[in-house]
Amino acid sequence: MTRRFLFVLGSSRPAGNSEMLARAAAEQLPDGVEQRWLDLAEHPLPDFEDLRHDSDHVRPHGDNRALLLDATLAATDLVIVSPLYWYSVSAHVKRYLDHWSGWLRTPGVDFKATMAGRTLWGVTALAHPEEEVAEPLVGTLNNSAAYLGMRFGGVLLGNGSKPGDVLRDTAALARAKTFFTEPGEAPRARFPYDADADAA
């Protein structure tokens with residue numbers, strides 16, 4: 001399958017540090033790899049309403065939910081681009097992930113089976129020198145990928161607060177050069193308890 005990257009931008013400001021870092025990494029992708037960039041601030045989703053036990057699910061049409069569902073299903077590689085907000089993903093991204101719950105029950109979509117085997121990535125900027133504080137964000141993405149049977153390419157971390165700060169993070173920019181292009185497939189995402197069981 002030809003690789004198709006969907007970059008889901010979750011910042012509350014345009015052209016923020018996370019997006020700058022993601023674009024630096026995306027520049028290294030081969031010319032034949034399709035890239036699509038969707039900004040959740042420009043395509044806002046409604047708050048997710050959990051209707052699992054109350055209603056028939058209908059596939060959305062003609063709105064941002066439909067746009068993001070179709071784009072997500074078409075992607076072989078899904079990149080969540082979110083600054084670290086209160087040690088996890090932004091509200092825009094959390095709302096997008098919440099809508100996955102509805103898509104799991106949308107007739108004709110088979111969301112879980114469709115996403116299985118595809119790759120989830122993350123790119124984030126944080127205003128903190130110790131990268132361990134981003135572990136809740138990494139866990140959110142890894143565990144979401146594990147639930148769907150996806151591969152997990154990891155999270156590219158950069159340091160920055162003011163606009164453009166991340167462009168001075170030489171270590172992050174060096175990692176960006178190979179983040180998407182390292183040889184071999186990303187490993188299957190696994191819940192932490194699965195890894196612990198293997199180690200026992």
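A cavity is a set of grid points where a 1.4 Å probe fits but cannot get out. The exercises below apply this to a predicted model.

**Exercise 1.** State how many cavities of 30 Å³ or more the structure holds, and give the volume of the largest cavity.

Solution. Step 1: the structure holds two cavities at this cut-off. Step 2: the largest cavity contains about 60 Å³ of space.

**Exercise 2.** Describe the lining of the largest cavity.

Solution. Step 1: the lining residues are Leu9, Gly10, Ser11, Arg13, Pro14, Gly16, Ser18, Glu19, Asp39, Val81 and Pro83. Step 2: sorted by class, four are nonpolar, four polar and three charged.

**Exercise 3.** Give the strand order of the open sheet and identify its edge strands.

Solution. Step 1: the five strands run in the order S2-S1-S3-S4-S5, with parallel pairing. Step 2: S2 (34–39) and S5 (151–159) each pair on one side only, which makes them the edge strands. Step 3: neighbouring strands are turned by 15° against each other on average, direction ignored.

**Exercise 4.** Describe how S4 pairs with S5, and how helix H1 packs on the sheet.

Solution. Step 1: S4 (residues 119–126) and S5 run parallel and are joined by eight bridges. Step 2: Val123 has Leu156 in S5 as its bridge partner. Step 3: helix H1 (residues 17–26) touches S1 (4–9), S2, S3 (77–81), S4 and S5. Step 4: the direction of H1 makes about 130° with that of S4.

Definitions and conventions
Residues are numbered from 1 along each chain as its sequence is written. This is a predicted model: local features need pLDDT of at least 70, side-chain atom pairs count only at pLDDT 80 or more; totals for chains, interfaces and linings use all residues. Side-chain values use heavy atoms; hydrogens and water are left out. On a 1 Å grid over the protein atoms alone, a cavity is a set of points where a 1.4 Å probe fits but cannot get out, and a pocket is an open set with protein on both sides within 12 Å along at least five of seven lines; lining residues have an atom within 4 Å of a point. Grid points are joined across faces, edges and corners, and a volume is the space filled by probe spheres set on the points. Ala, Val, Leu, Ile, Met, Phe, Trp, Tyr, Cys and Pro count as nonpolar, Asp, Glu, Lys and Arg as charged, and the others, Gly among them, as polar. Two strands pair if DSSP finds at least two bridges between them. Helices (H or I, at least four residues) and strands (E, at least two) are DSSP runs, numbered from the N terminus. Axes are lines fitted to C-alpha atoms, for helices over the stretch in contact, and angles run from 0 to 180 degrees between N-to-C directions. Contact means heavy atoms within 4.5 Å.
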